[in-house]
Amino acid sequence: MVEVVVTGIGAVTPLGIGASTLYERWAAGVCGIEDGEGRCREFTATEHLSVKDARRADRFTQFALVASIEALASAGWDEGLPYEATRIGSIVGTGIGGIGTIEANDLALFEGGPKHVSPLAVPLMMGNAAAAAVSMRHGLKGPCFGTVSACSSGADAIGMAIRAIRYGDAVAVVTGGAEAALTPLSRAAFGALDALSTSGVSRPFDARRDGFVMGEGAGVLVLENGDAARARGARILAVASGYGATADAHHVTAPAPSGEGAAAAIARSLEDAGAQPSDVVYVNAHGTSTPLNDRAETVALKTALGQHAAKVPISSTKSAIGHLLGAAGAVEAIATILALRAKLIPPTLGWAERDGDLDLDYVPDRARALELGDGQRPLAISNSFGFGGHNAVLCLEAR
Amino acid sequence: MAEPAQIEKVITDSLISFGANAEDVNRDAELTALDIDSLDLAELSQIIEEQFGVELTSADVAEIHTVGDAIDIVVERA
């Protein structure tokens, strides 16, 4: 089977600009959440993009573009594409798309009538805008589309990229997820669902958790056919070795309490990677800090990993940046790769009180060294689940 | 009735806000050289209609090649 490798990473998150900024600050215990939200406060679009590019993009697309510029540079692509353009894809997920653009234009429509709606409204709001912008920015002419599966959109995008490369549709794919939903409508809508934390604290798996804290940002990865990457002498960061996706077919917002869909996605991801549950040395959890997710995810991990679940360190990036919705899976895949490479697992910030049978090792307090046994692969899974019952799990191995 | 100077200012400021280099924007500048495309012209048409009550059809816009062309058609009709 074709091996798919990760050669470039880029991120814009509430912890700052850059993939290494995300990882290093999280590992150091820094939390990017302020006033109950994970806003990318260090991000100013025109510091990275031309005025024209910035105003032709909703904030979610701006995040994706900036993360993609970093990812391509990190892959050594900044001097030019290493493959024929038609063989390089762009697959970028989002949960919602340009909701800030939708709200601004809806207000313009309400206040001024149809003639006040911007000609840029459609190109900015559409859910495929980030994938298209990344394609245009870098001249990528292979398969190009967005993925939409709520909070597993980013992981599903990466999964589709893995498949496109394995199948031969592309030699490389620039992939990930982006979201910018810190808007009045989005806050009110998630609030109406009773999904948001009222305390404004993201503390996944803790007994006091009371909902998720919304964040924003993007994560972008460069995936390449392993043989092609090695032939060009690329630095290989990781192998994207497995992807598993299932649906709960249970409820539009609540996870199946049995965690069976999530467990099946974990199992499928490991099978895809040719790995056993006992091979998993780290779990980057979906860990939203909602009462239902963290319970169902714990059950799913116990089902999928069996007795090994109690031995494997589990941490949630959302404890440091909140829930980036459609960007979460991509940002967390990047954090997972960097944790494996550094052999240092960042903590689940804020975890202090055990909640009954949520009794796994959630890596509280501080980062922990990852000890690998003889011949043990640095292999992790990154979980992403979404409203609608989506379960997407990536299996990643450091190189 | 809008003054030509006011029309020129609104058009020039709009093009700069779309990302054109301020020092390159003059009457003779070709819109393509300023990287002004069809979406920018759609936005400009909307601004012109709102500010000066001049409605530009797509046929009108197709005849606009330079900054001066845009100013002249609005001055003529305002």
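Start with helix α1 of chain B and select I7(B), I11(B), S14(B) and L15(B): these residues are buried. You are looking at a predicted model. Look down the axis of α1(B). The buried residues fall within an arc of 100°, so they line one face of the helix.

Now turn to the other side of α1(B). Select A5(B) and K9(B); both are exposed.

What do the buried residues of α1(B) pack against? Show α2 (38-52) and α4 (67-77) of chain B; those are their packing partners.

Next, colour the whole of α1(B), residues 4-17. This helix has 14 residues. From its first C-alpha to its last it reaches 20 Å, close to the 20 Å expected at 1.5 Å a residue. Step just past the end of α1(B) to G19(B), which takes a positive phi of about 120°.

**Between the chains**

Show chain A and chain B together. In the contact, 8 residues of chain A meet 8 residues of chain B. The chain A side of this contact has 3 nonpolar, 2 polar and 3 charged residues.

**The two domains of chain A**

Domain 1 covers 4-238. Domain 2 covers 243-398. Taken over C-alpha atoms, the centres of these two domains of chain A are separated by 21 Å. Their contact takes 64 residues from domain 1 of chain A and 62 residues from domain 2 of chain A.

Stay on the side of domain 1 of chain A that touches domain 2 of chain A. Select β1 (4-13), α1 (19-27), α7 (153-167), β5 (172-179) and β6 (217-225) of chain A; each supplies at least two residues to that side. Which element gives the most? Pick α7(A), with 8 residues. Now colour this side of domain 1 of chain A by class: 36 residues are nonpolar, 20 polar and 8 charged.

**A stop at L65(A)**

Select helix α3 of chain A, residues 59-74, and find L65(A) in it. Is L65(A) buried or exposed? L65(A) counts as buried because it has 28 C-beta neighbours inside 10 Å, and 20 or more are enough.

Show the contacts of L65(A), leaving aside neighbours within four places in sequence. They are L49(A), D53(A), A57(A), A133(A), V134(A) and R137(A).

Last, draw a line from L65(A) to A218(A). These residues are 153 residues apart in sequence. In space, C-alpha to C-alpha, L65(A) and A218(A) are 8.8 Å apart.

Conventions:
Residues are numbered from 1 along each chain as its sequence is written. Chains are lettered from A and ligands numbered from 1 in the order in which they are written. This is a predicted model: local features need pLDDT of at least 70, side-chain atom pairs count only at pLDDT 80 or more; totals for chains, interfaces and linings use all residues. Two residues are in contact if their C-beta atoms, placed from the backbone, lie within 7 Å. Ala, Val, Leu, Ile, Met, Phe, Trp, Tyr, Cys and Pro count as nonpolar, Asp, Glu, Lys and Arg as charged, and the others, Gly among them, as polar. Domain bounds come from an automatic or database domain assignment. Helices (H or I, at least four residues) and strands (E, at least two) are DSSP runs, numbered from the N terminus. The expected span of a helix is 1.5 Å times one less than its number of residues. A residue is buried if 20 or more other C-beta atoms lie within 10 Å of its own, exposed if 12 or fewer, and partly exposed in between; C-beta atoms are placed from the backbone. The arc is that of the directions from the helix axis to the C-beta atoms.
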